[in-house]
Structure formats: structure tokens, C-alpha cells
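Trainee: Before we discuss this model, could we have the sequence and the structure on screen? I would like to go through it by question and answer.

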Amino acid sequence: ILEIRVHEGDRVNAGALLVRIDPRNLQAELDARTAALRKSQADLALSAKNRDNSDTLLKQKLISQNAFDQTEATFDANVANVEAAQAQVRLAQIALGDTEIRAEFAGVVATRTAQVGERVMPDAPLLSLVDLSTMQLEVMVPVADVPEVRIGQVAHFKVDGFGDRAFTGRVERINPQAPQGTRSLSVYLTVANTDVALKGGMFAE
């Protein structure tokens, strides 16, 4: 890791550069793949000329059908080699592009699990980014009250620390099964959190 531009709690916009990974090895890989593609394209160009010449000679009955078939097979193989080399170049370009890690959406950095100078594997988590503009509230509702709950209903709730401020949520889902040993069902509400006042893990009443 060459650079990490954010810390926990930082707000970021969609597309913002978050982390830069050392690109040298991947750039060298792309250069090698690009050179291999150029060689494959040169081989294809030569085999195309050979095939065209063989076709002319075949029409003049100066070579056998078998000899022409061999030049055509070489041409087809070189076409496949170029396609494979092009795919390898695209993969190398993707890998090189991944050395710049950008935010896929606007949000807030929740965790940072890597440090500058650290060597990380390709799938290792570096940052956790969350979007707090819409939250989910999970409410345990006694089974006796569940028949009164319907999708789309609006509920009002309060959160510790916000005094008398009332928040609003809308019922999105109702769990069809109560956890073993309980007499309540989980009801999930979607909560608009435009001012980002609410945070994950808070308790509501």
C-alpha cells in the first residue's frame, strides 16, 4: 500500500480515491502481456499472407489441398492466439486499474484495517464504507401483535440521546418465523436518515 487517504469517520464522495497500491509489478505484467499480443498479431499477419498465397497456389494447382489446409489451420490457430492474448491484456489492465481503489458510492468510512506500507493480498479487506442515508431498524414484535402489523405501515420511534425528537420508519419486511425460545417476530423498518443523525448499532424505542 502506497497511500490511504481516509480514516474512520471521513465522508467520501462516489468515485473518490481511497487507497493506492504499488502498481509496478502489475504494470510490468501489462507490458509483458502487451508485447505478447503484438507478437501474436505479427504471427497472425504472416499466417494470413501465407494462407492467401497458398489459396492462389491451390487454385493454380501448384500445391495440394493438404498443404493449403495446413496453412489455413496455422492461420486459425493464430487467430485464437490473438484472442487469448487480447483477453490476457484486458485482465492485466483490470488488475492495474485495481491499484487505485475508489469509493463505489458516497458514504462514511466505518473501518480501516490496513496501513501504508503493508503488503496485502488481492482479496484482503482494506476499508469498510457505509451509506447512512437510509437505515434499517429491527424491531421485536410480540406474536400477539403481529396481525396488526402490515407492510407499508409507518412507525414512530425515539433514540437515546436525542431527547424528544421522533424518528419515522416504514415497515418493509416481517420475518415469517420467530426465533426458537422467543415469542416475538422481527419486523424490519426502513428509516430515512437524511441528516445522518442515526448511526449503526443504536437502540430505539
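Trainee: Val196 lies in the segment after β10. Is Val196 buried or exposed?

Mentor: The model is predicted, so local features need pLDDT of at least 70 and side-chain atom pairs pLDDT 80 or more, while totals for chains, interfaces and linings use all residues. Residues are numbered from 1 along each chain as its sequence is written, and side-chain values use heavy atoms, without hydrogens and water. The classes are buried (under 20% relative accessible area), exposed (over 50%) and partly exposed in between, with a 1.4 Å probe and protein chains only. Because its relative accessible area is 14%, Val196 is buried.

Trainee: What is the phi of Lys61?

Mentor: Lys61 belongs to the loop between α1 and α2, and because its relative accessibility is 75% it counts as exposed. Lys61 is a residue other than glycine, yet its phi is positive, near 60 degrees.

Trainee: What is the radius of gyration of the protein chain?

Mentor: Along the principal axes, the C-alpha trace spans about 95 × 45 × 30 Å. The radius is taken over C-alpha atoms, and the globule rule is 2.2 Å times the number of residues to the power 0.38. For a compact globule of 205 residues the radius would be near 17 Å, whereas the protein chain has 31 Å.

Trainee: Which residues is Ala92 in contact with, leaving aside its neighbours within four places in sequence?

Mentor: Ala92 sits in helix α2 (residues 65–97) and, because its relative accessible area is 6%, is buried. Its C-alpha is 6.6 Å from that of Glu29, 63 residues apart in sequence. With contact meaning heavy atoms within 4.5 Å, and those neighbours left aside, the partners of Ala92 are Leu30 and Arg33.

Trainee: Which side chain makes a polar contact with the side chain of Ser186?

Mentor: Ser186 is in strand β10 (residues 184–192) and is buried, because its relative accessibility is 6%. A polar contact is a pair of N or O atoms within 3.5 Å; within protein, one must be able to donate a hydrogen and the other to accept it, and residues adjacent in sequence count only if both atoms are side-chain atoms. At 3.1 Å, the partner side chain is that of Glu138.

Trainee: What volume has the largest pocket?

Mentor: On a 1 Å grid over the protein atoms alone, a pocket is an open set of points where a 1.4 Å probe fits, with protein on both sides within 12 Å along at least five of seven lines; lining residues have an atom within 4 Å of a point. The lining has 27 residues, with Ile21, Asp98, Val120, Met121 and Pro122 nearest the centre. Points are joined across faces, edges and corners, and a volume is the space filled by probe spheres set on them. For the largest pocket that is about 800 Å³.

Trainee: Which strand gives the largest share of the lining of the second largest pocket?

Mentor: This pocket holds about 310 Å³ of space. Its lining has 17 residues, and Gln136, Leu137, Glu138, Met202 and Ala204 are the closest to the centre. The largest share, six residues, comes from strand β7.

Note on methods: Helix = DSSP H or I, 4+ residues; strand = E, 2+ residues; numbered from the N terminus.
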